[in-house]
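Dear colleague,

I am handing over the structure below, and my notes on what was found in it follow directly after.

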Amino acid sequence: MPAQIFLAIDTTEVATASAQVTVTRGAVAGIKLGLEFFTAHGPQGVRVVAVDGVPLFLDLKLHDIPNTVAGAVRAVTPLRPALLTVHAGGGGAMLRAALDAADEAAAKAGIARPRIIGVTVLTSLAEADMAAIGQRGPITDQARRLAALAKSCGLDGVVCSPHEITALRAECGADFRLVVPGIRPAWAAAGDQKRVMTPAEAAQLGADYLVVGRPITAADDPAAAARRIAAEVVAAAPAA
């Protein structure tokens, strides 16, 4: 199955977010709402934007003590996110608490549990940044350690840059979901992402979900840009 494209909606404006959802409907597999939007508008804002069953990736990157993260997961699970992120660096107890809370809240609401996805190393970081934040490089090794921890705790997958796809697929297996930002078509600017790759390259390596923002949202025709990326992904998909 070709990698699915989630549109990253990076705005605090409800009207802008809703317009981006509307104009790309049918051209992307789902939408990603992150901390910027959630801080501005909370659950109610999410309900306004994520309408008509559009698959939702709620990218909150939760990172706190286990009890606090569990409470946050319980609070947002009724929003029915398909994917929900926590920082894998929060440790095993926190990751297990997040997963248990998602199971509990989903069962209570009678809905599907969100896939809990661990964030490994942010795509805005380069090798030179690792020592300054107290992490051992190379980045691929750190991402592998965190992905292995996430899998051991029962998480459904991780967020990684496209440059770690091959290593993490080998480490964690075919059924472990790899959510990949840092996707920049050859015809788009890299922006503030440091470890980037084209949609076709990332799809060919085995990404499950590609997170794409500005190359779509900043395009003159966002739907056409989304369809162009989707076509590149399909063309790159390995033959069955």
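**Surroundings of K32**

Leaving aside residues up to four places away in sequence, K32 touches F6, L7, A8, I9, D10, F57, D59 and V211, where contact means heavy atoms within 4.5 Å. This is a predicted model, in which local features need pLDDT of at least 70 and side-chain atom pairs count only at pLDDT 80 or more, while totals for chains, interfaces and linings use all residues. Residues are numbered from 1 along each chain as its sequence is written, and side-chain values use heavy atoms, with hydrogens and water left out.

K32 lies in strand β2 (residues 30-34), strands being DSSP runs of E of at least two residues and helices runs of H or I of at least four, numbered from the N terminus. K32 is buried, at a relative accessible area of 9% (buried is under 20%, exposed over 50%, partly exposed in between, with a 1.4 Å probe and protein chains only).

**Aromatic pairs**

There are two aromatic pairs, counted for rings of Phe, Tyr and Trp (its six-membered ring) whose centres lie within 6.5 Å, with planes under 30 degrees apart stacked, over 60 edge-to-face and the rest tilted. The rings of F6 and F57 are edge-to-face, because their planes stand at 85°, with centres 6.2 Å apart. This pair joins strand β1 (residues 4-9), which holds F6, to strand β3 (residues 56-62), which holds F57, 51 residues apart. F6 is buried at 3%, and F57 at 2%.

With kind regards
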